[in-house]
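The following note sets out some points on the attached model. Please read them alongside the sequence and the coordinates.

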Amino acid sequence: MKLTELLKDFEYELFGEDVEINHLTIDSRNVRKNTLFICIEGFRVDGHNFIEEASKAGAVAFIVSKDISVPKGVSVAKVSNSRYAMAFIAHRFYGFDNTSTRLIGITGTNGKTSSAFYMQKVLMEALGGEINNLNEDINTFNNTIKGTKKVGLIGTVDTKINDEQLKIDFATSTTPDSIELMQILSIMSEKGAQNIVMEVTSHALLLHKVENLRFAVSIFTNLTRDHLDLHGTMENYRDAKAKLFAQSDVSVINIDDEYGSFMAKICPKTYTYSVDKESDFKALNLIFTESGSAFDLKIDGKLYNFELPILGKFSVYNALGVIVAAIVLGVEVPIIQHSIKNLNSVPGRIEKVENSLGINLIVDYAHTPDSLISIINTALEFTKGRVITVFGCGGDRDKTKRPIMGKISAENSNLTIITSDNPRTEDPLQILKDIEAGIEKGEYVLIEDREEAIKFAINNAKKGDTVIIAGKGHENYQIFKDKTIEFDDAEVARQILGHCKK
């Protein structure tokens, strides 16, 4: 495809010839023959500094956002914002057809991954992918659900079509950069996935990763303190999230969240859901047990009961958003009921580690103040003994939440073990002290080594106690200043449990 064709309808200055482009990249190590190299001014690295290296490797054209000298014989297109331009260029290069593929976006501080998993499962069942033991009148294709039986999922834990993992080795974040994203969307579309569920982060929205995509339905789960290292203020964080709903045909909003009313004003067509406030879809008659929850929901004047085999009030919120979005998409209510009743927990989200010691051991991704108090409160609902919480805070990330999370855990858990969680370039012990600074009361210990911290928690737990290992969830690594090691909370816990002689 010609360079000018990729830039069609886009404002730019072209220096050099209109060359043929066969490959796109922002990484000089990924350059090949006839590559268009897009220079991104990143937070730590500026792509403009790699122009000479990329040219030697085979790049024939560059997208730049500032005046800079380039090697002779290459073409340059100058734009005002390289990230913004990249989204449009990638969309055109990979030819993704947003009109025939329906996108369902999910954003929020917490709950994106679980909601995305639930949404995919509901749509798979609606399209006939996983229907079991349903009456014949229910097991029918609903014409309002367009497309094949295949449903794509793009998110933190998985990139897959139905249960088939896509072999994508370049996606390194929840929402990939726009080149990677368009490639994934095109692959999914070619494989027959005409409904694709996506987690959409505030980073992705702020950095134009999904700039030119249209979402059929988008869900807002919640907004709590996080990522202020990037956004600076909660207002900026809120505004970044809100961009998704300006790109959506219909929005589904958690109106119980303090930012829900703001989000509800963005999209002309909005449905709200709640547990506490009045809304279009309010959960009624909630029941919480050790195995999950149940609630009623009034839909078109009729009361329906939903059973959810996953712990926690926050899980009810996740399910509600998915239920409403599924209704908007035309899924029959009995199919939604059946899907919700048969959901499995998401890896690293309220993941139970089975053991013979009589303790409840839960691994959860909770890494924000709100998600930490939510998982602790969930444990308190069913725990007969003590709640022991193991957690830390990531290095090179928002430091302001550290003392807040220390205070939350110490005041609400019976015992808190503060430990490392991807310290990155920071001193691990200093991060622990930052967390400790917020503690005014409550029993706690500092154990820098995460494996030793988990071992301490398990060895100090008694029958009927609950041990929460929070912060990393599905992650299977630990990042330090000079190395990254394999580390899976659930697997480490299993190994420790296997050596326990209680």
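1. Gly 128 follows helix α4 and has a positive phi, near 90°. Helices here are DSSP runs of H or I with at least four residues, strands are runs of E with at least two, and both are numbered from the N terminus. The model is a predicted one, in which local features need pLDDT of at least 70, side-chain atom pairs count only at pLDDT 80 or more, and totals for chains, interfaces and linings use all residues. Residues are numbered from 1 along each chain as its sequence is written, and side-chain values use heavy atoms, with hydrogens and water left out.

2. Helix α4 itself comprises 15 residues, 112-126. From first C-alpha to last it reaches 21 Å, close to the 21 Å expected at 1.5 Å a residue (the expected span being 1.5 Å times one less than the number of residues). The helix is mostly covered, with 15 of its 15 residues buried (buried means under 20% relative accessible area, exposed over 50%, and partly exposed in between, with a 1.4 Å probe and protein chains only).

3. Most residues other than glycine have a negative phi. Asn 285 is exposed, because its relative accessible area is 53%.

4. Asn 34 is likewise not a glycine, and its phi is positive, near 60°. This residue lies in the loop between β2 (23-25) and β3 (35-38).

5. Glu 5 belongs to helix α1 (residues 3-6). Its relative accessibility is 41%, so Glu 5 counts as partly exposed.
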